[in-house]
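Please read them alongside the sequence and the coordinates.

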Amino acid sequence: MSYEFYKILHLTGLILLFSGLVSLLTLKATGAAVEGTAKKFSFIAHGVGLFLVLLSGFGLLARLGLVSGLPNWIYAKIAIWLYFGASLALIKRKGQLGWMLYLPMLLIFIIAAYLAVNKPF
């Protein structure tokens, strides 16, 4: 598969990941019940998004020829992936905090984008 295919898959995963997180955060912040179709959508979008981000991320690494001897920015991206994986549980428990959870997620997303574009270390 081509580099461009993996990039599109990666971006699709990011959209799904954030759709799931933001929908759950919105429900929790407004005090709405997290159940039924809304809960199912949030959890499925988050899970499928995480899977696509991981799968396409390693596909991109393979296309860049970085399969062995990974640079440090890759480890930072994996830590960010783990953070976003755990953030669903954080939102489920403390979602009423709203912006206090959303802004750090946005900042970490920006850091991940910076690492992907600049590959600094």
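This is a predicted model: local features need pLDDT of at least 70, side-chain atom pairs count only at pLDDT 80 or more; totals for chains, interfaces and linings use all residues.

1. Residues are numbered from 1 along each chain as its sequence is written, and side-chain values use heavy atoms, with hydrogens and water left out.

2. The largest pocket holds about 720 Å³ of space and is lined by 27 residues, of which His 10, Gly 57, Leu 60, Lys 77 and Ala 116 lie nearest its centre. The elements that give two or more residues to this lining are helix H1 (3-30), helix H2 (36-64), helix H3 (72-94) and H4; helices are DSSP runs (H or I, at least four residues), numbered from the N terminus. On a 1 Å grid over the protein atoms alone, where a 1.4 Å probe is used, a pocket is an open set of points with protein on both sides within 12 Å along at least five of seven lines, and lining residues have an atom within 4 Å of a point. Grid points are joined across faces, edges and corners, and the volume is the space filled by probe spheres set on the points.

3. Lys 77, found in helix H3, counts as partly exposed at 21% relative accessibility (buried means under 20% relative accessible area, exposed over 50%, and partly exposed in between, with a 1.4 Å probe and protein chains only). Leaving aside its neighbours within four places in sequence, Lys 77 is in contact (heavy atoms within 4.5 Å) with Ala 112, Leu 115 and Ala 116. Lys 77 and Ala 112 are 35 residues apart in sequence, yet 6.2 Å apart in space, C-alpha to C-alpha.

4. The structure holds five aromatic pairs, where rings of Phe, Tyr and Trp (its six-membered ring) pair if their centres lie within 6.5 Å, and planes under 30 degrees apart count as stacked, over 60 as edge-to-face and the rest as tilted. The rings of Tyr 83 and Phe 84 have centres 5.1 Å apart and planes at 65 degrees, so this pair is edge-to-face. Tyr 83 is partly exposed at 26%, whereas Phe 84 is buried at 4%. Phe 18, Tyr 83, Phe 84 and Phe 109 form one aromatic cluster.

5. Trp 99 and Tyr 102 both lie in helix H4 (residues 99-118), three residues apart, about one turn of the helix. Their ring centres are 5.4 Å apart and their planes lie at 85 degrees, so the pair is edge-to-face. Trp 99 is exposed at 61%, while Tyr 102 is partly exposed at 26%.

6. Which residues does His 46 touch, leaving aside its neighbours within four places in sequence? They are Leu 16, Leu 17, Gly 20, Leu 21, Phe 84, Gly 85 and Leu 88. His 46 is found in helix H2 and, at 4% relative accessibility, counts as buried.

7. Phi of Lys 119 deserves a look: the angle is near 45 degrees, a positive value in a residue other than glycine. Most residues other than glycine have a negative phi. Lys 119 is found in the segment after H4 and is partly exposed, at 33% relative accessibility.
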